Amino acid sequence: MTSQEILDTLKSLCGDAVLDAKLDVLQPWISVEPLKLAVVAKALREDPRLDFDFVMCMSGMDHNNGTLGAVYHLYSMTQKHKIVIKAIVKNEDARVASTAAIWGGAEWHEREAYDMFGIVFEGHPDLRRILLPDDYPGHPLRKDFVVPEYYNGMKVPY
Amino acid sequence: MITEPRIIPTPYVTKPGAIRTSTGKTIRTDEMIINMGPQHPSTHGVLRLEIVVDGEIIVDVIPHIGYLHRCFEKHAEHMTNYQQVIPYCDRMDYVASMNNDWGFALAVERMLKIEVPPRVEYLRVIMAELQRIASHLVAVGTFGIDMGAFTPFLWTFRDREKILDLFEMTCGARLLYNYIWIGGLSHDVPPGFVEKAKEFCSYFGPKLKEFNDVLTYNEIFVRRTANVGVLPPDVAVNFACSGPMLRGSGVNFDLRRDDPYGVYDKFEWEVQVGKGEFGKVGDVWDRFIVKVREMEQSVKIIEQAVAALPEGNVQAAIPKRIRPDAGSEAYVRTESPRGELGFYVVSDGSASPFRVKARGPAFVNLSVLPEISRGCMIADLVAIVGSADIVLGEVDR
Amino acid sequence: MQEYLIGLVGEPLVAYVLMAVVPLVFILVYALVTLYMEMKVAAHIQDRVAYMRTGWHGVLQPFADILKLLQKEDIIPAQADRLLFTAAPFFVFVGTYVGFAAIPFSSGYVGADLNLGILYIVAVSSIVVAGLLMSGWASNNKWALLGSLRSAAQIVSYEIPSALAILVAVMIAGSLNLNEVSKFQEGGIFNWVVFGGPGPVVTKLLLTPFTLTAFFVLLTAGIAEANRTPFDLPEAESELVQGFNTEYSGMKFAMFYLAEYANMFLVSAITVCLFLGGWQSPFGSFMSGPYWGAFWLIAKGMFFVFVQVWMRWTLPRLRVDQLMHVSWKVMVPFMFVCIFAVGLILVW
């Protein structure tokens, strides 16, 4: 399936969730409503024409303009096609519907995005910090993150 | 910006286990929570597994990672140019540095639409496959230790040493090479490399047979690994497992063939999948044998690549300052020894990457661990962790 | 030898002490030799050379190792039960050491010429289980606890097949006294119990399959009781860190090691005494006598110690359930068949 067909199929399945799309780039992407991501994911996973069963990658993003993004690179093992799904949220209200129930592979990636960017994945089964200590202040991959001077009484920039 | 730390308690399974005796009585047993790691000998680094056990039976496993987190992604954003990221890639999966370098270089090359000279492509394949053998040798050797067989480990390290000698000859380093650069290689291979590589290929085959005799087909070893930690193919795909973990479950998928990069399409080789020869498809033995057989295939690829190695330049013409177009992004995946190694690189038009996300295969492969290890024994958990072949440098990045 | 010593020193008590010291000296010397042998054998199996710098081919390395262990700080974990923690290694070692009393090293020397020698060894070796349980419990460490429980389960299970295998030899030899059993096997290699003992050829031929089975079962069960690979689950370092001796250091740790090595020889010596002629020379009266006897017993024992080392560096480890499976579902039924068959043949 070409990316145009994927977009059309997705629009026919859950048209209200699709916000934007850019298909003429190296890796075409579709931007969707963050809180409806789980619905989109379900459609992508369960529709036999799309059948996106493999999460290649899921990354958090800080666009440095007050928005954060959750980027899903998807692949279909049966149909052999790829698509990128983006969910863009505001810094202050960083809430995205979790897809961990649909793709097991996204679970740890979403935890990592929560850890690094503070994107809260609603409906995630186990949303804890994954790489950083549980008491770490802030989310370090955000562009506005300032390295704290002290961490647990230890001076940081030595 | 400082936010309130959010600590969510670990979800324990608090139901005490019960064993029914043959007379119908129920014996209640208490569960015990054990910390396996981060200094445990068989967690392959600093992985901490919080395991809830009922005697020897595992009720639940909760992996805790991050002990080796070195802020690869943050570092990458703060480099002054793209080339500087390569040494950091080396340090991600320190057992397979060549493959990591290639992954990142390829991502940037795809963004810039650079074509690399043919000699570079061939040398990259040779290096990556040599590295794959070296990495699999570590994996199968340490897996032997996990099973209590110490001797095969030293044999595999003896053979790995030959590969490291080849790398040392090429770029002076034995572990972290910084050899594959954006648009090419740091320099050409020295004279005599090709002969040594051929020599290694002819040396390695019989040694692998020796290894199989002492470990792979050992009765005790087979009984320890067959039917243990079965990962069904649908679960493997759902959890985005890749590499030997996915192929061990019988899914015939290899990025070298199915999402081609480099010049792998010019060689004759076969993708190895687990067939469940001693138990169910997707058990620990299958994941193990896939690695062993992949080494044979890698030798085949190296032999062909070395024979067909073209002459030429080893560096494509690339701009001195790499500045991909603003907003351009690429997710490029390559087959590292552990599976799908992806780099998601985003540029904002400046000389340093705007965002680099590394998708480590070990990170994803480890996430399926709790699914497949419930209900097995402590010794089996060690086998499962060993067969997943994790490198904590890559899990934690 | 006992009478000779009493005559020599005059005081019976001193003579008894001297008698008791002989196995201890033997164990210490033997442990050094085995330490060296194990490292060298392991190294050559693994395609390397091991110690080469301390003395000629590193022969002084075991002394250096002991010296290092002596200097180590003796750490007792804060939460440990101090009394039990300290006592456990001694229980383990003593349990093995007292077993040596009934081993006839030669026709002239046996520490205690007991009528119930082999029964005594089986009995006292159970003290080891208590020591291991104590060490695991007192360490206050979950890995140590798991290790000691595994160990207790393992030793208790493997005592059944080993006792049954011992019974086969005892039935043929007609004595529980190891010295008597050794004497019984006089007259060369084909009179050893493993080949049916001295007797008519037909009986021997009929007995041999069963005695061979019993011999292998006894050896395997012995290795399991000595906690050696492939049965080293109690201290499986890849699973249980170090099992019951996780928290031990310095000399206490060395005691466990010493006990393990002593146990290796003890199980070999029992097997040799019961099935392979004990101190008897394999060539009948050639090269026999009290001194040659000691040589033969130690040589045969060391051979099986070597076999254990060889196995350790070749085989992977079993899993707990497989371990129990081997003991209860394979060895015990086989041994019942053997005992029944041997009994029938002997009566007939």
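**Salt bridges in a predicted model**

At 43% relative accessibility, A:Arg49 counts as partly exposed. Its salt-bridge partner is A:Asp47, with N and O 3.1 Å apart. A:Asp47, by contrast, is buried, because its relative accessibility is 9% and the limit for that class is under 20%.

Please bear in mind that this is a predicted model. For chain A, the mean pLDDT is 85, and 99% of the residues reach 70 or more. Among the elements of that chain, helix H1 (residues 3-14) has the lowest mean, 80, while strand E4 (residues 67-75) has the highest, 89.

Let me turn to chain B. There, the side chains of B:Arg124 and B:Glu109 form a salt bridge at 2.8 Å, N to O. B:Arg124 belongs to helix H4 (residues 118-146) of chain B and B:Glu109 to helix H3 (residues 97-112) of chain B, so this pair ties together parts that are 15 residues apart in sequence. Is this pair buried or exposed? B:Arg124 is buried, at 0% relative accessibility, and B:Glu109 is buried as well, at 4%.

My next example is in chain C. C:Glu180 and C:Lys183 form a salt bridge whose closest N and O atoms are 4.0 Å apart. Both residues lie in helix H8 (residues 178-184) of chain C, three residues apart, or about one turn of the helix. C:Glu180 is partly exposed at 38% relative accessibility, and C:Lys183 is partly exposed at 41%.

Salt bridges can also share partners: in chain B, they join B:Glu129, B:Arg132, B:Arg247, B:Asp254, B:Arg256, B:Glu294 and B:Glu335 into one network. Over all chains, the count comes to 45 salt bridges.

Conventions: Residues numbered from 1 in each chain as written. Chains lettered and ligands numbered in written order. Heavy atoms only, no water. pLDDT = per-residue confidence, 0-100. Helix = DSSP H or I, 4+ residues; strand = E, 2+ residues; numbered from the N terminus. Buried < 20%, exposed > 50% of the residue type's maximum accessible area, 1.4 Å probe, protein only.
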